[in-house]
Amino acid sequence: MSTGPYVSFVTYGRNDGYTPSYFRRVTRALACLANQLEQAGIDAEIVFIEWNPPADQPLLLDLFKLPRALQHVSVRGFIVPPEHHREFAGFREAGFHAGEAANTGIRRARGRFITPKASDTFLSPQVFGMIAGGTLDADTMYRIDRHDVPIDDDAIWDLGDTALLARIASLPSTPHAWIHQSPHWRLRELHTNACGDFTLMSAAYWHYLRGHPKDHSVLSLDIDSLVLHAASALGVQERRWPDSCRVYKPIHGKVFGERVQQIWRPWQRTLDRLLSEKASDEAAHWMRTTFDYPRRKIRGVDSVIGPSIEKNFVRLASHWARGEKPVPTQPENWGMADVTLEARTLCRADWDKADL
């Protein structure tokens with residue numbers, strides 16, 4: 001009987017040329033992650049979800065080149081057909097649903113601890129030193145800062161792992177560090193900034209929360225931040241690892257946070273300014289929450305207007321901060337648990353061979 005992995009990294013993508021050099025970045029990131037886990041001696045798996053693959057392109061899972069035999073690391077892939085993506089508002093404009101892709105992988109992950117991870121990010125070596133000690137606590141969620149790094153020379157992807165990581169670390173970067181929340185929001189002070197790129201938490205809590213909250217559109221707004229606040233409401237403690245533990249994100253023109261824009265109507269700005277000046281910030285916040293403004297949209301998905309951050313995120317997180325318990329919005333079959341997906345095994349670890 002298999003003992004199972006200590007940690008699962010869940011990542012996802014589709015072969016749509018989303019950004020320049022996307023395939024090269026993703027390929028290097030996947031191989032580098034597998035090698036880092038192997039060198040650190042961490043029994044681990046990487047779960048890759050190929051979401052809504054384009055019919056005119058080969059599967060990423062069929063193009064990846066990984067070692068066929070690693071002692072500590074298994075790499076598995078699952079393919080989500082296009083018909084499942086068409087269930088979400090905005091599917092014609094955006095071919096991807098980050099929240100549901102992550103949930104599909106989390107539901108199938110076998111690790112005692114799980115973190116989602118963007119497909120083209122790189123982790124500093126110190127991250128694996130923290131994991132390799134085997135002392136992760138089941139009631140703690142672990143966070144690190146994301147650093148955005150401009151890459152202007154694609155020759156970097158031809159470097160070996162050690163040289164590549166050293167080069168990335170040497171480049172100027174913009175950190176997504178902890179942000180102090182607005183006082184009138186009355187939230188727990190959690191490190192939600194770029195938390196979708198690394199939130200390492202026990203599988204038990206991921207399953208209790210049923211992964212990321214449900215979003216019936218492709219926007220996936222606030223879902224990773226809501227996970228942190230929901231877990232904290234259940235008693236999970238947040239621990240921020242040292243600054244040397246980093247997620248490096250090669251930046252491009254479609255970084256999610258830069259595509260989100262708020263939609264203000266003139267009367268809303270006038271009322272917001274009036275309430276802030278004549279009443280209080282709390283009054284302005286109450287109006288934004290109650291009447292759901294300013295709403296948000298994602299550049300390139302014009303058919304869907306998303307809720308305001310006050311309505312979608314702050315309202316729930318503030319309730320949880322006052323002692324209310326989160327109620328999962330996903331169904332019991334979250335993560336497509338009742339769907340048989342086509343699977344690939346790209347690499348099988350020794351711990352994963354006991355059942356063969």
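Student: What makes strand 13 and strand 14 count as paired?

Tutor: The cut-off is at least two bridges between the strands. In this predicted model, 2 bridges join strand 13 to strand 14 (residues 301-306). The count meets the cut-off, so the two strands pair. They run antiparallel.

Student: Which residue of strand 14 stands opposite isoleucine 298?

Tutor: Valine 301. The hairpin of strand 13 and strand 14 has 2 residues between the strands. Glycine 300 takes a positive phi there, near 100°.

Student: How do you know that strand 12 and strand 13 pair?

Tutor: The test again asks for at least two bridges. Strand 12 (residues 260-263) and strand 13 (residues 295-298) have 4, so they pass. The sense is antiparallel. Valine 260 has isoleucine 298 as its bridge partner in strand 13.

Student: Now the open sheet. What is the order of its strands?

Tutor: The order is 10-6-9-4-1-2-3-15, for 8 strands with mixed pairing.

Student: Why are strand 10 and strand 15 called edge strands?

Tutor: Strand 10 (237-240) and strand 15 (342-347) each pair on one side only. On average, neighbouring strands of this sheet are turned by 20° against each other, direction ignored.

Student: What joins strand 2 to strand 3?

Tutor: 8 bridges do, between strand 2 (residues 44-51) and strand 3 (residues 73-80). These two strands run parallel. Phenylalanine 48 has glycine 77 as its bridge partner in strand 3.

Student: Which strands does helix 4 touch as it packs on the sheet?

Tutor: Helix 4 touches strand 1, strand 2, strand 3 and strand 4. Its direction makes about 140° with that of strand 2. Helix 8 (residues 223-233) also packs on the sheet, touching strand 6 (140-143), strand 9 (199-202) and strand 10. The direction of helix 8 makes about 150° with that of strand 6.

Student: What makes helix 8 "mostly covered"?

Tutor: Of its 11 residues, 10 are buried. Among them are Ile223, Leu226, Val227 and Leu228. The buried residues of helix 8 pack against helix 4, strand 6, strand 9, helix 7 (203-209), strand 10 and helix 12 (309-321). After helix 8 comes glycine 235, with a positive phi near 105°.

Student: Why are helix 8 and helix 12 called roughly parallel?

Tutor: They pack at an angle of about 10°, with their axes 9 Å apart. Angles under 35 degrees count as roughly parallel, so these helices qualify. The contact is made by Ser225, Leu226, His229, Ala230 and Ala233 of helix 8 and Asn312, Phe313, Leu316, Ala317 and Trp320 of helix 12.

Student: Is leucine 316 buried, partly exposed or exposed, and how do you know?

Tutor: Leucine 316, in helix 12, has 27% relative accessibility. Buried needs under 20% and exposed needs over 50%, so leucine 316 is partly exposed. Its C-alpha atom is separated by 8.0 Å from that of leucine 226, 90 residues apart along the chain.

Student: How do you know the relation of helix 11 to helix 12?

Tutor: Helix 11 (residues 281-291) and helix 12 pack at an angle of about 110°, with axes 7 Å apart. The range 65 to 115 counts as roughly perpendicular, so that is the label here. Helix 11 contributes His285, Arg288, Thr289 and Thr290 to the contact, and helix 12 contributes Glu310, Lys311, Val314 and Arg315.

Student: On to the rings. How many aromatic pairs does the rule count?

Tutor: The count comes to 11.

Student: Why is the pair of tyrosine 6 and phenylalanine 113 called edge-to-face?

Tutor: The centres lie 5.5 Å apart, and the limit is within 6.5 Å, so the rings pair.

Student: What makes tyrosine 12 and phenylalanine 96 a tilted pair?

Tutor: Their centres are 5.8 Å apart and their planes stand at 40°. Tyrosine 12 is in strand 1, and phenylalanine 96 is in the loop between helix 3 (82-85) and helix 4 (98-108), 84 residues apart.

Student: Why does tyrosine 12 count as buried?

Tutor: Its relative accessibility is 13%, and buried means under 20%, so tyrosine 12 qualifies.

Conventions:
Residues are numbered from 1 along each chain as its sequence is written. This is a predicted model: local features need pLDDT of at least 70, side-chain atom pairs count only at pLDDT 80 or more; totals for chains, interfaces and linings use all residues. Side-chain values use heavy atoms; hydrogens and water are left out. Rings of Phe, Tyr and Trp (its six-membered ring) pair if their centres lie within 6.5 Å; planes under 30 degrees apart count as stacked, over 60 as edge-to-face and the rest as tilted. Buried means under 20% relative accessible area, exposed over 50%, partly exposed in between (1.4 Å probe, protein chains only). Axes are lines fitted to C-alpha atoms, for helices over the stretch in contact, and angles run from 0 to 180 degrees between N-to-C directions. Contact means heavy atoms within 4.5 Å. Angles under 35 degrees count as roughly parallel, over 145 as roughly antiparallel, 65 to 115 as roughly perpendicular and the rest as oblique.
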